[in-house]
Amino acid sequence: MTSGEVTIGTFVDAGGIRLVELHPGEVWDRPLGDEERALHAAFNEVLAAGEGYPQAGPISRDEFVAYWLTGKSVVMTAWTGSGDSNELVGAYYLQPNGFGRAAHVANGGYFVSAPWRNRGLGGTLLDHSMTVARSRGFDALQFNFVFVDNPARRLYRRKGFREVGRVPEVIDGADVLILWRSLADLSPPV
Ligand SMILES: CC(C)(COP(=O)(O)OP(=O)(O)OC[C@H]1O[C@@H](n2cnc3c(N)ncnc32)[C@H](O)[C@@H]1OP(=O)(O)O)[C@@H](O)C(=O)NCCC(=O)NCCS
C-alpha cells in the first residue's frame with residue numbers, strides 16, 4: 001500500500017490528512033473492504049446532492065465498482081482521524097483517458113466531502129494526483145465532464161488547466177467542458 005501524509009496549515013486541527021491508496025484488483029466477486037465501502041458511501045452523498053458527476057443519484061455496489069475501481073490506475077482516499085474515528089473526507093481516481101497511443105493522457109475524478117470543502121483539500125488532492133499521474137507515466141491530465149456551472153472550474157483554471165472543448169447538450173440538456181493540462185512541467189517518472 002502506498003500512503004502518504006499531507007499536512008497543510010488548515011488541516012492541523014484534523015491531525016493532518018492521511019492519503020491511502022486502494023489496490024482494488026479484481027473486485028467483482030468479493031465483498032468490498034471497509035475503505036471501499038466508505039468511499040462508496042461518501043461518493044453517494046455527492047451524487048445525492050447532484051454535484052459534479054453524471055449519475056442521477058446514489059449508485060449500487062456494482063455501479064460503484066465499475067465507476068471507481070475497475071480499470072483504474074490509481075484510487076486514492078483521504079482520511080482524518082485514526083482507529084475507530086477514521087473519516088473519509090475525499091478521494092480521487094486516475095485512469096487512462098484512452099487506449100493504446102492515447103493512454104499517455106490520464107483522466108481523473110475528484111470529490112471532497114461537503115463539510116471539508118473550501119479549505120484547500122480539493123486543491124491538495126489535485127496537486128497530489130498530478131504528481132502521481134506523472135510518476136505513473138502519464139504526461140497530461142484531461143477531464144471530460146466538467147459541468148459548465150461547476151465551481152470547480154475556478155480551481156482547475158488556477159491549477160493550470162485549459163478548457164479545450166465544449167460538448168453540447170450532454171447532461172440534462174446542458175453542455176460539458178473538456179479540460180486539459182500538460183504534466184510536462186512536473187518531475188518526469190523515475
Ligand atoms: C470540486 C471539489 C473537489 C473542490 O474541493 P475543495 O476542497 O472545496 O477545494 P479547495 O478548497 O481546494 O478549493 C475550493 C475553493 O476554496 C478556496 N480555498 C482554498 N483553501 C481555502 C482556505 N484555506 N480557506 C478558505 N477557502 C479556501 C479556494 O480558493 C477555492 O475557491 P474558488 O471557489 O474560487 O475556486 C469539491 O467542491 C467537490 O467535491 N465538489 C463535488 C464533486 C465535484 O464537483 N467534483 C469535480 C467534478 S469535475
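**View 1. Overall build of the protein chain.** Buried residues make up 28% of the 190 residues in the protein chain. Buried means 20 or more other C-beta atoms within 10 Å of the residue's own; exposed means 12 or fewer, and partly exposed lies in between, with C-beta atoms placed from the backbone. The model is predicted: local features need pLDDT of at least 70, side-chain atom pairs count only at pLDDT 80 or more, and totals for chains, interfaces and linings use all residues. Residue numbers run from 1 along each chain as its sequence is written. Four helices and eight strands form the secondary structure of the protein chain. Along the sequence they follow the pattern β-β-α-α-β-β-β-α-β-α-β-β. Helices (H or I, at least four residues) and strands (E, at least two) are DSSP runs, numbered from the N terminus. The C-alpha atoms fill a box of roughly 45 × 40 × 35 Å along the principal axes. The radius of gyration is 16 Å, which agrees with the value near 16 Å for a compact globule of 190 residues. That radius is taken over C-alpha atoms, and the globule rule is 2.2 Å times the number of residues to the power 0.38.

**View 2. The shell around the ligand.** Of the 21 residues around the ligand, Gly-52, Arg-117, Gly-120, Gly-122 and Gly-123 come nearest. A residue belongs here if its C-beta atom, placed from the backbone, lies within 6 Å of the molecule. Elements giving two or more residues to the shell are β5 (105–112), α3 (121–135), β6 (140–147) and α4 (152–158). Ten shell residues are nonpolar, seven polar and four charged. Nonpolar covers Ala, Val, Leu, Ile, Met, Phe, Trp, Tyr, Cys and Pro; charged covers Asp, Glu, Lys and Arg; the others, Gly among them, are polar.

**View 3. Helix α2 and its buried face.** Phe-64, Trp-68 and Leu-69 are buried in α2 (residues 61–69). Seen down the helix axis, the buried residues of α2 fall within an arc of 75 degrees, so they line one face. The arc is that of the directions from the helix axis to the C-beta atoms. An α-helix has 3.6 residues a turn, so residues three or four places apart point the same way. The buried residues of α2 pack against α1 (34–48), β3 (74–80) and β4 (87–96). Gly-71 follows α2, with a positive phi near 75 degrees.

**View 4. The largest nonpolar core.** This core has 34 residues; Trp-68, Val-75, Ala-78, Val-89, Ala-91, Leu-121 and Ala-133 touch the most other members. Elements giving two or more residues to this core are β2 (17–22), α1, α2, β3, β4, β5 and α3. Apart from it lies another core, of five residues, among them Phe-143, Phe-161, Leu-177 and Leu-179. A nonpolar core is a set of buried Ala, Val, Leu, Ile, Met, Phe, Trp, Tyr and Cys residues joined through C-beta atoms within 7 Å.

View 5. Leu-47 sits in helix α1. With 19 other C-beta atoms within 10 Å, Leu-47 is partly exposed. Beyond its neighbours within four places in sequence, Leu-47 is in contact with Tyr-53, Gln-55, Gly-57, Pro-58 and Ile-59. Contact means C-beta atoms, placed from the backbone, within 7 Å. Pro-168 lies in strand β7 (residues 162–171). Pro-168 counts as exposed, with 8 C-beta neighbours inside 10 Å. Its C-alpha atom is 29 Å from that of Ala-133, 35 residues apart along the chain.

Terms used
Two residues are in contact if their C-beta atoms, placed from the backbone, lie within 7 Å.
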